[in-house]
Amino acid sequence: STTRAPRPRSTAANSRSSSPPARRAYTWHDEQRQRDPQAPLPSKPEPANSSIARIEFKGIAKRFGDVSVIEQLDLEIHDNEFMVLVGPSGCGKSTALRMIAGLEEPSEGTLVIGDRVVNDVHPKDRDVAMVFQSYALYPHMTVRENIAFGLRIRKMPEAEIDKLVDEAAGILGLKPLLDRKPKALSGGQRQRVALGRAIVRKPSVFLFDEPLSNLDAELRVQMRAEISKLQHRLKTTTVYVTHDQVEAMTLGHRIAVLAPMGKERKTNLKQVGTPLELYDKPQNVFVAKFIGTPNMNMMKATVNADATVLQAGGFATPVPQNWREGLRPLAGRDVLLGVRPEHVGDAGAHNWTSTAPLGGTIEIVETIGHEVIVHFRCGEDIVIAKLGAHRIPRFGEQISLVMNCDAMHLFDPQTEQRLPG
């Protein structure tokens, strides 16, 4: 019988050649090379300077194919400021927020966070934390695990994680709920967990994308107060997106009002200012009608020869002294006369020094409780007034009211910009 020859022992080299090569970790440089293979490879950005958290949009544009969402956005958000981006659907406010987070890239312009340009900086290197409208909680994790998840991903020591989670839970009143899962929480409690997950990271910037939209009216008021107190306590730069101008007015140190892009608009940004600046001196018709509930009344009126009287469709009003100089070149021409509903009311209920009578037929009555909102036809215009709840007028009734002339706003009907005054 023949003996079988022994199998040759595999060498280390053979063993290495037969096994698949180890996969190299995907790096930040790989991502940059993927974006543009021909571009010179930039150096990896340094971590953000957490002591400075100003944000600046410089000529930012964002386009999706042929659709222009944002154009020529120039806006500076100061360190530790609570800035609210407000506007109707399609105005680009959430897109602007996502560009700060790094979830969208600008099509044009420069975005600065702190003291560095972040156009090509990965989201994880921007030192920002975002709270979403949908909470984005993991349903299989407890409250504690949800809040701690981002810290564990960063391989932070467990003792430090426990300390930060307990601290955030104490601030938000979540300590009794730490062992519950999201399905056992109310909407307001889930939103507080989402806030806690952002807080524990101690970022330079907080980003809020319509976080209260899914809550009922009572919870919205409660969470508004909690977010305001939280920002005051942490003193962290905060950018908050909402379509609700009441949220914007109650929360923001300053408000940026955005409008959807149109053929005649060069930029989305209509005005930036404090809540009172937007309310008292809107710079254009869009801001005038968007800020305030109900909307500002807007009527065509003709300037008389010496710019002392405005003649509207159903009434005439004297022109306050501060407007006359700017109106003299417009004698005989039309302007847009704006007056807020709270500046139209019963003569006996207010101590207004300069008034103009106006009246008409009531078409809508809205009883709110502490006040009554009346829509009435005055000439060709529908005028809205806020009245006290002591007397509720009826549909079809004739009503006689006065307007506070010192509270009027005047705009150019062609450009829709505020007139000097």
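**Burial, sheet and pocket**

Author: Of the 421 residues in the protein chain, 47% are buried, meaning under 20% relative accessible area with a 1.4 Å probe, protein chains only. This is a predicted model, where local features need pLDDT of at least 70, side-chain atom pairs count only at pLDDT 80 or more, and totals for chains, interfaces and linings use all residues. Residues are numbered from 1 along each chain as its sequence is written, and side-chain values use heavy atoms, without hydrogens and water.

Reader: How many helices and strands in the protein chain?

Author: There are 11 helices and 20 strands, taken as DSSP runs numbered from the N terminus (helices H or I, at least four residues; strands E, at least two).

Reader: What's the strand order in the open sheet of 5 strands?

Author: The order is 13-12-11-14-20, with antiparallel pairing; two strands pair if DSSP finds at least two bridges between them. Strand 13 (316–318) and strand 20 (409–411) are the edges, each pairing on one side only.

Reader: And how many bridges join strand 11 to strand 12?

Author: 3 bridges, between residues 297–303 and residues 309–312. Thr302 stands opposite Gln311 in strand 12.

Reader: Switching topic: which residues lie nearest the centre of the largest pocket?

Author: Val128, Ala129, Met130, Arg154 and Arg201, out of 19 lining residues. A pocket here is an open set of points on a 1 Å grid over the protein atoms alone, where a 1.4 Å probe fits, with protein on both sides within 12 Å along at least five of seven lines; lining residues have an atom within 4 Å of a point.

Reader: Which elements give two or more residues to that lining?

Author: Strand 6 (128–131), helix 4 (143–153) and helix 6 (187–199).

Note on methods: Buried < 20%, exposed > 50% of the residue type's maximum accessible area, 1.4 Å probe, protein only.
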